[in-house]
Amino acid sequence: MSCLTSKYHVNYNLFMKVLHVNIAINPKHGGGTAERVYQMSKHLSQKGIVSAILTLELGLTEDLQKTLKSVEITAIPCLWERFFVPEISYKILTKIYNSIKTADIIHLMGHWSLVNALAYLFIRYLNKPYVFCPAGALIIHGRSKFLKLLYNKLIGNAILTNANVCIASTKSEIKYFYKCIPKDNIVIIPNGINSNEFILKNDDAFRKKYNIGSNPFILYMGTFSHIKGTDLLLQAFNRIKDKYSNYHIVLAGNDRGLLNEIKRYTRKTNIESTVHFIGYIEGIDKSYAYNAATILVVPSRSEVISMVALEAGSTSTPVLLTDKCGFNEITEIEGGLVVEDSVEGLEKGLTVILSDLDKLKKIGKNISEYVKNTYEWHVIIDKYIKLYHHVLNNTRLNLY
């Protein structure tokens, strides 16, 4: 296993064009992988490296394109958002072919993607080097298991095994690569954040806009899906509601099949008045939410590393998450609490973390310092540049 460090002196004068491939670059549609591609492309451009993106048109607004004005974007119409099915025609295939042909190295992000599959076929045809970061998607779970197994059999496994280098986001993820590729072909590069995007605070404005009231609240930021564990959090919250009756819970995010079920649960258990569904939020509202919350809870059943935990942590907001989120080191730096991914685990964690409000300030300070020193994009981007140089120069990665 290889682990890239930021001590490496990067030669920015070596010309290269990097093409990132992902289903979307708007986090509203593409989640964490979209945010990661957006940030990588932007920061590579700032370093003087030519950066390009191949993606679906989902959520590709004019404002988003303006923030990536130095990045070449090839966008494909999406025919079916449920499975991110792209339009396929001679014109579209030509666009994909040209985007691959003009790149020096390709970075495939995510896994269950027909866009990635099409890009991979042209990569092989043109004999281009590529790196692959599944971002936790090698684990088969949730809906459409048969389709995912079929995808792997037809092309997914080939994408993994033929990559020049595979990228794991955490140490815990590397075990999912070992069955297919040698460990020397794996590097660890974590997600990154820009903490300056979350410094704005306006508690009153945020509460007024979303009609939250003055009660302290627990924040959930993510999609409403089985894998994200929103149902576990609500059940745990229901169990502690009498002991912590002044607390409300704010749920921010898009529906991925669970929203109606959890809304029915809030009505059935009579906690509807203390649960606030505020939809997907971004930008300034996201910053306000993190800074206004007492704690952030990440109840996921499976996740490589939680971006929202990093973002909230940068604002000194303590984090409670499950042991399936790839961020267990927060216990070592006393920056939060890690529990098992169950109703009982989350109930216990909420009880512990909310019982000592004075300690929460220390926890918040610890996680903020750790996140800013370890996960800032200006630190992470040099690791990617080092990786790309190694692949293009066909040199062996240093082992640490």
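Which residue of strand 15 is the bridge partner of Val297? In this predicted model, in which residues are numbered from 1 along each chain as its sequence is written, local features need pLDDT of at least 70, side-chain atom pairs count only at pLDDT 80 or more, and totals for chains, interfaces and linings use all residues. Side-chain values use heavy atoms, with hydrogens and water left out.

The bridge partner of Val297 is Leu320. Strand 14 (residues 295-298) and strand 15 (residues 319-322) run parallel and are joined by three bridges. Helices (H or I, at least four residues) and strands (E, at least two) are DSSP runs, numbered from the N terminus. Two strands pair if DSSP finds at least two bridges between them.

An open sheet is formed by six strands in the order 13-12-11-14-15-16, with parallel pairing. Strand 13 (275-279) and strand 16 (336-339) are the edge strands, and each pairs on one side only. On average, neighbouring strands of this sheet are turned by 20° against each other, direction ignored. Helix 7 (residues 230-240) packs on the sheet and touches strand 11 (217-221), strand 12 (248-252), strand 13 and strand 14. The direction of helix 7 makes about 170° with that of strand 12. Helix 10 (residues 307-314) also packs on the sheet, touching strand 11, strand 14 and strand 15. Its direction makes about 170° with that of strand 14. Contact means heavy atoms within 4.5 Å. Axes are lines fitted to C-alpha atoms, for helices over the stretch in contact, and angles run from 0 to 180 degrees between N-to-C directions.

The structure holds eleven salt bridges (a side-chain nitrogen of Lys or Arg within 4 Å of a carboxyl oxygen of Asp or Glu). In one of them, Lys286 pairs with Glu311, the closest N and O atoms being 3.1 Å apart. Lys286 lies in helix 9 (residues 283-292) and Glu311 in helix 10, so the pair ties together parts 25 residues apart in sequence. Both Lys286 and Glu311 are buried (under 20% relative accessible area; exposed is over 50%, partly exposed in between; 1.4 Å probe, protein chains only).

Lys47 forms a salt bridge with Asp382, with the closest N and O atoms 3.6 Å apart. Lys47 lies in the loop between helix 1 (27-46) and strand 3 (50-56), and Asp382 in helix 13 (residues 377-393), so this pair ties together parts 335 residues apart in sequence. Lys47 is partly exposed at 29% relative accessible area; Asp382 is buried at 16%. Arg239, Glu344 and Glu347 are linked in a network of salt bridges.
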